Amino acid sequence: MKAELEKIEKEALALLKTDLSLDEIKALQVKYLGRKGLITGCLRNISSLPQEERPKIGLLANKVKKLLEEAFRKALKEYSAKEKRPEAGIDVTLPGRPLLRGTLHPITQIMREISDIFSRLGFEILEGPDIESDYYNFEALNLPKDHPARDMQDTFYISENVVLRTHTSPIQIRTMEKKQPPIRMIGPGKAYRVDSDISHTPMFHQAEGLMVDENVSFGDLKGMLTIFVHQMFDETTSIRFRPSFFPFTEPSAEVDIECVICRGKGCRVCSHTGWLEILGAGMVDPAVFKYVGYDTDRYTGFAFGMGIERIAMLRYGIEDIRKLYENDIRFLHQF
Amino acid sequence: MKVSLSWLKDYVDVDVDVNQLAHALTMTGLEVESVTDQYACLDSVVVGRIVDISPHPNADKLSICNVDAGEGFRSIVCGAPNIRVGNLVPVALPGTELPSGITVREAAIRGEMSHGMLCSEAELGLGDATSGILILSDTARPGTRVKAAMSLSDTLMEIDLTPNRSDCLSFLGIAREIAAILKKDLNYPKIQLPSGDRSVSEQTSVIIEAPEHCFRYAARLISGVKIGTSPFWLRSRLESIGLRSINNVVDVTNFVLMEYGQPLHAFDFDRLEEHRIVVRTAKEGEQFTTLDGVERKLSSDMLVICDGRKPVALAGVIGGLNSEVVTETKNILIESAYFNPISIRRTAKRLGLKTESSHRFERGVDPRGVISALDRAARLMLETAGGSMAKGVIDEYPRPTSQRVISLSVSRTNRLLGTKLSAVAIADHLGSIELNVKISDNDHLEVTPPTFRVDLERPVDLMEEVARLEGYDKIATTYPIAPVTSNKPIQRLPCRKSLFASLAGCGFSQIITYSFIAERSCDQLLVSSDDSRRRMVRILNPLTEDQTVMRTSLIPGLLNTMVHNRNQNNEDLKIFESGKVFFHTKEDTLPEEVEMISGLWTGSRRERSWHAGATTVDFYDIKGVVERMLDGLNVPSVHFRKPGDYARIPYLKRGYSAEIFSGEVYLGEVGEISVDVLKNFDLNKPVFIFDLNFDILLSQISEVKSSKGFSRFPAVSRDLALILDNTVEVQGITDYLKGLGEDLIEYIEIFDVYEGKPIPQGKKSVAFRIIYRSPEKTLEDAEVNDLHEEISKKVLEHFKAELRPS
C-alpha cells in the first residue's frame, strides 16, 4: 500500500508537469482525488489492512492527499494565469469557415421592392402570360391594327395574332375582365421588343399598376406615384409629370425624377437635363374600359408602367444594361 | 422633328430664352430632346483686318495676306481677287470645320505657310456668293467671332413628337403651340395669287376612281417655269433642318410640306401622257419604278396616281421616276391631297418605304388645309421658278370632312383631373389652340376642334388638352380615398419566395437569361424528336440566330451561363433560374406556359479556404439542396428514384441521376450532366443540375404545418451494421424499418456506407443508428435490446444481409 501511494504521488505530480488543458487537469483531479478516485480508494482500503499498519498508512495517505490537493490547486491557478497571457489561444484573424452567400438577381430585388411598396398601399400582385394574343397586347388597349402608335413598340411575332407581349399592360385587361372595381393591382413581369443596344435588351422587365374606382383622379395618380418615388428613392427626390401619349391612357404622362446621380444639376446620365424618365402613366382611356365592360360614367382609374432595368441601373450604378443578362457570377455576387 | 428657331419666328413672336421655350414645350407635351446652336461650326471663325497683301512667290494667282485676327498677326495664303488692305474679313482659324465639310489646317500652300483661311459667304454656309471673300462691315472688331459681328444666331430644336400629334409635324403646328404657351398671335403666311390665265379645267382634269382611299385631291397648273437652283433663303431653310436642296420646284414642295405639314407633289405636266390625273388602286402585280430608282411590284389595295395610261406616283408615299421634275421641265402640275391614313400606312408598311409624306398622311393631315398649302406652293413656285399660273384650282372632294362638335362637361373634367377649373378657364385653354368653344351653361361647353386636330374626337381628348395647357405641375397632388380591402397573395408568390430563400441560403445565386434560345438547344441536350420539348414556339422575326425559339427548358440557359463564366475563369458556380418555358399548342393560339425552377452546381463543394482542401461537388450535394428546397415548402412524401429509363432525361448521366417525386407525382429530376451533352456545350468539368416543375410543385404543397408533441423521456440508440448486396437501395431498408410499425422507433440515421476491403466484392456495408424513445417512460436497456434484436433479425432475413462483425 505504501508503494502504491508513492507511485500515485509520483505519477500525478509528473502528469501535472506536462502541458495540460483545463479539462485534462480537471479529469486528473477526479481520477486521483474524486469520490471514486485513487486516493479515496486507498483511504477506503485502509480498514482492510492489519491493525498495526493502519495509522502509518493512514497518515501517509492523508499526506499524499494534501500534497496532491495543493498541487492541483496550484496547477489550476497556473492554468488560469496562463490563459490570460496574450500569446495563448488561436489566431482569431484567420478567416472563419466560409458559407457562400447566394444572391437574388438585381432585377428580382428591385421588382420585390416595387411590389412591396405597392402591397403596402393595398395593391394586389398579379401576373400574366408572356406570350399574348394581339387582342390583349394591343387591341383591348386601344391599339387597333393599322394604328400608327403600334410603331412605338417593335414587336416579336409568333403568328399573325400571337406576339411576345411588348409590355405588361395586358395584365390590366385580364384583371379587369375578371373582376369589377374597385381594383388596385400591380403586375410585374417580362416584356419583349425587337431592340438591342447599350440601353435596350430584347427581353426586359416591367411593373404595371392599375387603380380603378369611383372618383379616382389625375391628382390621385400624382399622389400615388409621389409616394412610390419617395419610397423607392428618397423623400427629397423631386418628381415631375409631363404630357405624353399612350393609346390606353388619357391624359397620359411621362414621369421624371430628379437625377439621382447629380441631384438635378445635370450630368451625363441625365443628358444634362437634371431629370430622368422612369415611368409612363395616365388615366385609363374610356375606350379600354369599354373593352372590359366597365361603366365609364361611374368609374375612372389610373394606370402606370415602369421599366425595372432602368431603376436597377440607377440604383446600383450599372452602366451597360447587357451586364444584367450576362450573369457573370462576379457581377451577381455584388447584390 | 427638327425645327429651327429663326424659321419658327416667321410665324410667332418668340420673346423668351430658347431654353425656357424648350422647357415650356416639353411641359405641354412636345418633348424637346435637344437644343443646339445652328452656327456652332462657326465658333472658331473670327473677324480679321487685312494689314498687308503681298504676292505669293510661287503662284501668280495667290497672294499672302498679313491679317490682324485680334490675338496677333497671321500670315494667310488667299486666292480671291476682291480683297484690299484694311478690309475686315472672316478668318477661319486652324481646326475649324466649315459647313462644306472642309477642315481648316495650318499648312504650306505652294511652299508658303498659311495659318488659317479667309472665307467666302458660301464657304461659311451663309449665302450664294462663292467668287470672293466676304467683306464685313467696318464696325466689326478684329478677334471677335464672326457670328457675333454678323448677329448670326439660330437654334435648332429636336422635338420628339408622340404619334397623336400629327398637327405638330409642321412649323405652323409647332408655332401654334408656342403661340398658345406665350399667349401670342399666330401669323399665317399671306398668300396672294395672280388671277391666272387659261383656266386649269380646260387643260387637265382629276378623276378619283377610289374615293374610299382618296378623300380629296386638288391640283394647280403652272406653265413656263425655269428649273434651277433655289434661292439662298429657301435652300438655307431646308438645309437648316437637314433636308437636301434639289431644285427650285421640288424645294418649294418640301418647304410647304414642312411649313404646313401637307405633303405635296410636283409632276412634270408634259410627261403625263394624257395630261390628266386618275386616282385608282393598282392592278395586282403592276410594276412601277419609284423616284428612288427601285422597281416595285404593287398590289390591288395600293393607291396609285395615274396619267390616264400608267401610274406616275404611289399616292401619298413617293413619286415616280417617269414624271419627275427635271432640268428641262417647263410645266408643273402641283398635287395636294388627302388620302385615307390606313391605306397609306398599309402601302408604306408593305413596301417598307417610310417617307416624310407617308409619315404625315398615315397620321392624318388637315383635310381643310389642302388648298392653302397648294396655294402657298403655287405662290412660291412663281417666285422662285417663274412661269405663269393657270386660272382656278381643281378640287375633287368626294368625302368632305364634317366638323365634329364635342360636348364637354366641366364637372366631369374636374372629376377626372382632380381640378376646380371654371367653364371660362377651360374655354380659354381650348380657345388658345384654335378650338371653337361655346359655353352652353355652367357645366357644358360645345367644342368644335379644327380639322387639323384629327386626334380630338371625344370629351376625354379635350380633358387632356385642358390638363396639359393648365400644366400637369399645377394639378394638385392628392391621395385617393379607398375602402380597405385585401386579398390573399396568389399562391406562387410566397412559394417562389421560399424557394429563392432556400437556394440563396444554400449559396446559389439567381440568374436571368433570355426566354428565347437557339433552335439547336434541343439537339445539344440530345432530346429525342418526339419529346414535348421539341414543341417549340418559333419567333417569326428573331433578332439573332441564338434567339429564334422560346425555350422549353431552363437547362440550356444554365449551361450557357456556365460557358460564359468558364470563359471568364469563374470555375466554381452555384446558380439557379426561375422562369417560364413555352410549348407550342395550336397554330395562331397561345402556347402553354409552365414555370420551372432549375439550378446548376459545378466546381468546388465549399468555398475555397485554409480550413480544408478543395473537394468537388457530387450528386449528394445537389440532392441535399433539392431536399432543403422541398422541405422548406412542406412538400409531402418526397422521394428520389433511379430512372426506369433515360428517354425523358437523355442529358443526364446514367446511374448518377434521380427522378424526384412527391407521392406518385413527378416533380423533376436531379443529377449529373452526361459527358456527351457537356461536349455539345464545349464543357468538360462535372456539372450537377436540378430541374423542377414549379407549377406541379405548387399543386403538391401542403400549407398546413402542425405542431406535434415530443417525448420528455431519454432516448436510447442501438446500431445496426449490415453487409448486403451493393444493389440494394438504402431507401428500401429505411422504408422497411419504418414500415414495421414499431412505435418506439423515433428516428433512423444512416451513419456509414462503405464498399471495399474487408467487405467482399459485390457487397456493401451500411450502418444504421436506430433511436428508440417512448412517449411514456424511460426505456429499460433490456427492453430495447430485445426489440433491437427482433428488428435486426427481420432486416437480416428480409434483405439477405449479414451483421458486420464489430
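Helices (H or I, at least four residues) and strands (E, at least two) are DSSP runs, numbered from the N terminus. On that count, chain B of this predicted model has 21 helices and 38 strands.

**View 1. Overall build of chain B.** The C-alpha atoms of chain B fill a box of roughly 130 × 80 × 60 Å along the principal axes. The radius of gyration of chain B is 42 Å, whereas a compact globule of 806 residues would have one near 28 Å. Buried residues make up 52% of the 806 in chain B. Take the contacts in chain B between residues at least 6 apart in sequence: 69% of them join residues at least 24 apart.

**View 2. Overall build of chain A.** Chain A has 12 helices and 10 strands. Its radius of gyration is 39 Å, well over the 20 Å that the globule rule gives for 335 residues, so chain A is more spread out than a compact globule. The box filled by the C-alpha atoms of chain A is roughly 125 × 45 × 40 Å, along the principal axes. In chain A, 54% of the 335 residues count as buried. Of the chain A contacts between residues at least 6 apart in sequence, 66% join residues at least 24 apart.

**View 3. Helix 2 of chain B crosses helix 4 of chain B.** Helix 2 (residues 18-27) and helix 4 (residues 171-182) of chain B pack at an angle of about 100 degrees. Their axes lie 11 Å apart. Angles of 65 to 115 degrees count as roughly perpendicular, so helix 2 of chain B is roughly perpendicular to helix 4 of chain B. From helix 2, the contact draws on B:Leu21, B:Ala24 and B:Leu25. From helix 4, it draws on B:Glu177, B:Ile178, B:Ile181 and B:Leu182. By class, the contact residues are 6 nonpolar, no polar and 1 charged.

View 4. In helix 2 of chain B, 7 of the 10 residues are buried, so the helix is largely enclosed by the rest of the structure. The buried residues include B:Val18, B:Ala22, B:Thr26 and B:Met27.

**View 5. B:Glu177, a buried residue of helix 4.** B:Glu177 sits in helix 4 of chain B. Its relative accessible area is 2%. Buried means under 20%, so B:Glu177 counts as buried. Leaving out residues up to four places away in sequence, B:Glu177 touches B:Leu25, B:Leu30, B:Arg165, B:Cys168, B:Ile433, B:Arg453 and B:Arg468.

**View 6. Strand 4 of chain B and its two partners.** Strand 4 (residues 63-68) of chain B has 5 of its 6 residues buried, so it is largely enclosed by the rest of the structure. B:Ser63 has B:Cys78 in strand 5 as its bridge partner. The hairpin of strands 4 and 5 has 4 residues between the strands, and B:Gly70 takes a positive phi near 90 degrees there.

**View 7. An open, mixed sheet in chain B.** The sheet has 7 strands in the order 26-29-30-34-33-32-31. Its edge strands are strand 26 (509-510) and strand 31 (638-641), each of which pairs on one side only. Strand 26 runs parallel to strand 29 (residues 573-583), joined by 2 bridges. B:Ser509 has B:Ile575 as its bridge partner in strand 29. Helix 14 (residues 492-505) of chain B packs on the sheet and touches strand 26, strand 29, strand 30 (592-602) and strand 34 (687-693). The direction of helix 14 makes about 10 degrees with that of strand 30.

View 8. A cis peptide bond joins A:Glu250 and A:Pro251, with omega about -5 degrees. A:Pro251 lies in strand 8 (residues 249-258) of chain A. Another cis bond joins B:Lys757 and B:Pro758, with omega about 0 degrees. B:Pro758 lies in the loop between strand 36 (745-754) and strand 37 (763-772) of chain B. A:Asn215 is not a glycine, yet has a positive phi of about 65 degrees. A:Asn215 is partly exposed, at 46% relative accessibility. B:Ser637, also not a glycine, has a positive phi of about 40 degrees. B:Ser637 counts as exposed, at 51% relative accessibility.

Terms used:
Residues are numbered from 1 along each chain as its sequence is written. Chains are lettered from A and ligands numbered from 1 in the order in which they are written. This is a predicted model: local features need pLDDT of at least 70, side-chain atom pairs count only at pLDDT 80 or more; totals for chains, interfaces and linings use all residues. Side-chain values use heavy atoms; hydrogens and water are left out. Axes are lines fitted to C-alpha atoms, for helices over the stretch in contact, and angles run from 0 to 180 degrees between N-to-C directions. Angles under 35 degrees count as roughly parallel, over 145 as roughly antiparallel, 65 to 115 as roughly perpendicular and the rest as oblique. Contact means heavy atoms within 4.5 Å. Ala, Val, Leu, Ile, Met, Phe, Trp, Tyr, Cys and Pro count as nonpolar, Asp, Glu, Lys and Arg as charged, and the others, Gly among them, as polar. Two strands pair if DSSP finds at least two bridges between them. The radius of gyration is taken over C-alpha atoms; the globule rule is 2.2 Å times the number of residues to the power 0.38. Buried means under 20% relative accessible area, exposed over 50%, partly exposed in between (1.4 Å probe, protein chains only).
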